[in-house]
Structures are given as C-alpha cells and as structure tokens.
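Good morning, everyone, and thank you for making time for this. I would like to walk through one structure step by step, so please keep the sequence and the picture in view while I talk.

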Amino acid sequence: MEVSIARSDDYVRAFHKLSYKVLRPVAWKRLTFLQLGADHYNEVPAGRVAIGDSDGVVEEWQSARAQGAYDRRGMPLRGNQPWVSIHGLDRGSLGKGIAAASRGVVIRSWRGVLGGKPVRLPHLSTYCNEWGRGNFKTAIELGPPPDVKTLKPGDWLEAEVEIVTFPTDPEAYYGPNRLFQEALKKDADTWRLVWREAAANRFQPKARRGTITRNLPLVVRVDASGSARVDVREGVGWLPVTFTGLGQHRGVNRPVYDETVFGGSDARRGHLRGLCPPPGGFGYLPASRDVQRRGRVWHGGCRALGGPPVGGHLRTAQASGFLGQTL
C-alpha cells in the first residue's frame, strides 16, 4: 500500500494505492481491503451513509444502531468514480466545544481477480458498533463480492482510493479557499461534498511529452530528454504533481505561469511542461485568488533556474510557478 497526503488550503485528501497478491489459499470470517473507521477506533458519531457516482447520489440511509453487526453487506458500487459518504453527525454524542468531521471515500480505480474471477467493481459493507451505552459508530469497508468465499493463489487486486475529510460546521474552517467556504456553507455534513470531489476531480490529463503514470495525484515520467508536457483541465483544490525518471538532481526547474502562452486568465486549458523536480520530487499547484474568482484554470510550464529549490521541492512562495486548479 502506498499512502500520500498532499498540501491543500481546503480539506484533507489522502491518496491510497492498494496492491494485493495472493500467494496461498485464504478463507475468512470478515475481510476488507480498506476500512474507514476501525472497530475500536472510530471517533466520529455519524449516523448516515450515502453512495453514488460522478452523476450524483444513488442511495442514502440511516445506519443501524447496533452492536457488532453489519447494516449493509457486499453492495456493488457502480458507475463512474463511485463514492461513499458517512455524515449526519450525532451532535448529542459530542462534548461541548468538540469539533468533528464528515468523511468520504472516492474509488478512482478498482480491478483484479478474486476467487479466480475478474472483479471490476468495489463492494461496500457498513459495520456498526457501540462504544458505551447509546454511542453508536459506523465503519465503511471495501471488500470482495459476496459470492467470493475464498482467495486463490494468483488472485490479485489493484486499486486507487481517495479518502476525504470535511468540517461538519462551516465556522470550523478557517482557511482561505473561497470556493470551499461557499460549498461548506451550503452542503456541510452532507454527501454533496464527497460527490463534489468525485465528480470535479475525475479529469483525464493528456501527455504531449513524457508519460502519465497516475492521474490523481498526477505522476508524470519525463521522456529521454528529461522533459514533460501535460494538458490538465479544471477540477477542485490544489493539484499535487510528481515528476519521475530524471537522471540527476541539479539544474532543476520549477513551473512558471506564462500568460502569453496560456491565453490569460480566461484560459481553461494549458500545459505543464519542461524539466522539473528530481526523482521523487513533487510540487503543489494551487489556484490563485484570481483563478478562484473566475472559476477558471491556469496552467504553468517549467523554465531553467540554475538549481533546485530548497530540499528539492517546489515551494508555494514561488507563486508564479504554480498551476491553479479550481471549479
């Protein structure tokens, strides 16, 4: 499993890349490949669950108030960019002055062979537990299809899953992202914030030079000349970018915004190009205030600066060097 958390100015996005290979037969009583909220570590008393895809919500329900029992089990999550939201905070279970979060899972990709059969859909189960009298919790589990009872040698699973966390009260957010402030005031503690993330960040970047190895977070392998050029369109939040395949760390470039190349502040499409950070180096590409106000997208390129930035990382202080991505 690979896990990364990118810097942001709106909310936390945790990117999980799952890779399972089965070496010998496996049977189980409970099996989950990813769990959000453990049996005995799940502090948020949220009582509603919703599922959907990039087109909207499919179903929403009140989770069961039960001890050690499944509410739903083995539900296939269909559609483009399926997601799960857990929200509906039970405020009476919180102490005075205690903040809490709503959470969600967005499945960006899911494929494998389980029980000797191809699997293209994640399957959801919701597990309910009670922590003390009347303090009920619900955990989200992504597991195998219900007809798969054992795993066989040679089975495998590859998945990319994004976990998002939102304040349940607009007043609890003190960041500068105006678009998220507006969304939070309207949709706090609902499934709509998870849907917003799933739908808006389903973009498909296009490589004009180099190779895209992952869409979100964006990972680009430079070509033989050590350069890359990628088109990116729209989305929400800051877009983390990793460039791989560079042979040395010196002479590193950083992105710069060139209005003459990218069509000014009204441009909705542009390029990320040139030589960029060292192997494993990355950059955070936030939207400027102007981009957020217009709801547009700015795109940056790369130019030689004569040396790498501190620590080999792109730095947010270099405002001209970032690609803005908002909805």
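This is a predicted model: local features need pLDDT of at least 70, side-chain atom pairs count only at pLDDT 80 or more; totals for chains, interfaces and linings use all residues.

β16 covers residues 211-214 and β17 covers residues 218-221, and the two pair in the antiparallel sense over three bridges, which is enough for a pair because at least two bridges are needed. Within this pairing, Ile212 stands opposite Val220 in β17, and the hairpin that joins β16 to β17 passes through three residues. Pro217 lies in that loop between β16 and β17, and the peptide bond that leads from Leu216 to Pro217 is cis, with omega near -5°. To put this in context, most residues other than glycine have a negative phi, and most peptide bonds are trans.

Gln81 has a phi of about 55° although it is not a glycine, and its place is in the loop between β7 (69-76) and β8 (83-89). Asp189, which is not a glycine either, has a positive phi of about 60°, and it is found in the loop between α1 and α2 (192-200). Are these residues buried or exposed? Gln81 has a relative accessible area of 10%, so it is buried, and Asp189, at 14% relative accessibility, counts as buried as well; the reasoning in both cases is that buried means under 20% relative accessible area.

Let me now turn to strand β5, residues 46-53, where we find Ala50. Ala50 has a relative accessibility of 0%, and therefore counts as buried.

Which strands does β5 pair with? One partner is β6, residues 56-62, which runs antiparallel to β5 and is joined to it by six bridges; there, Ile51 has Glu59 in β6 as its bridge partner, and a hairpin through two residues joins β5 to β6. Another partner is β8, which is also antiparallel to β5 and joined to it by six bridges, with Trp83 in β8 as the bridge partner of Gly52. β8 in turn is joined by four bridges to β9, residues 101-114, again in the antiparallel sense, and here Ile86 is partnered by Arg103 in β9. β8 is mostly covered, since six of its seven residues are buried. As a general point for reading such pictures, in a regular strand the side chains alternate between the two faces of the sheet.

Next come the aromatic rings, for which the count comes to nine aromatic pairs. One of them is formed by Phe166 and Phe180, a tilted pair with 6.4 Å from centre to centre and 35° between the planes. This pair links distant parts of the chain, with Phe166 in strand β14 (residues 156-167) and Phe180 in helix α1 (residues 178-187), 14 residues apart.

Lys186 and Pro170 are 16 residues apart in sequence, and their C-alpha atoms are 8.9 Å apart in space.

Arg30 lies over the face of Tyr127, at 3.8 Å from the ring centre, and the charged end of Arg72 sits over the ring of Trp61, 4.0 Å from its centre.

Finally, how many cavities of 30 Å³ or more does the structure hold? There are two, and the largest cavity has a volume of about 70 Å³. It is lined by 12 residues, of which Ala6, Arg13, Phe15, Trp238 and Pro240 lie nearest its centre. By class, this lining has seven nonpolar, three polar and two charged residues.

Definitions and conventions. Residues are numbered from 1 along each chain as its sequence is written. Side-chain values use heavy atoms; hydrogens and water are left out. On a 1 Å grid over the protein atoms alone, a cavity is a set of points where a 1.4 Å probe fits but cannot get out, and a pocket is an open set with protein on both sides within 12 Å along at least five of seven lines; lining residues have an atom within 4 Å of a point. Grid points are joined across faces, edges and corners, and a volume is the space filled by probe spheres set on the points. Ala, Val, Leu, Ile, Met, Phe, Trp, Tyr, Cys and Pro count as nonpolar, Asp, Glu, Lys and Arg as charged, and the others, Gly among them, as polar. Rings of Phe, Tyr and Trp (its six-membered ring) pair if their centres lie within 6.5 Å; planes under 30 degrees apart count as stacked, over 60 as edge-to-face and the rest as tilted. A charge sits over a ring if NZ of Lys or CZ of Arg is within 6 Å of the ring centre and within 35 degrees of the ring normal. Buried means under 20% relative accessible area, exposed over 50%, partly exposed in between (1.4 Å probe, protein chains only).
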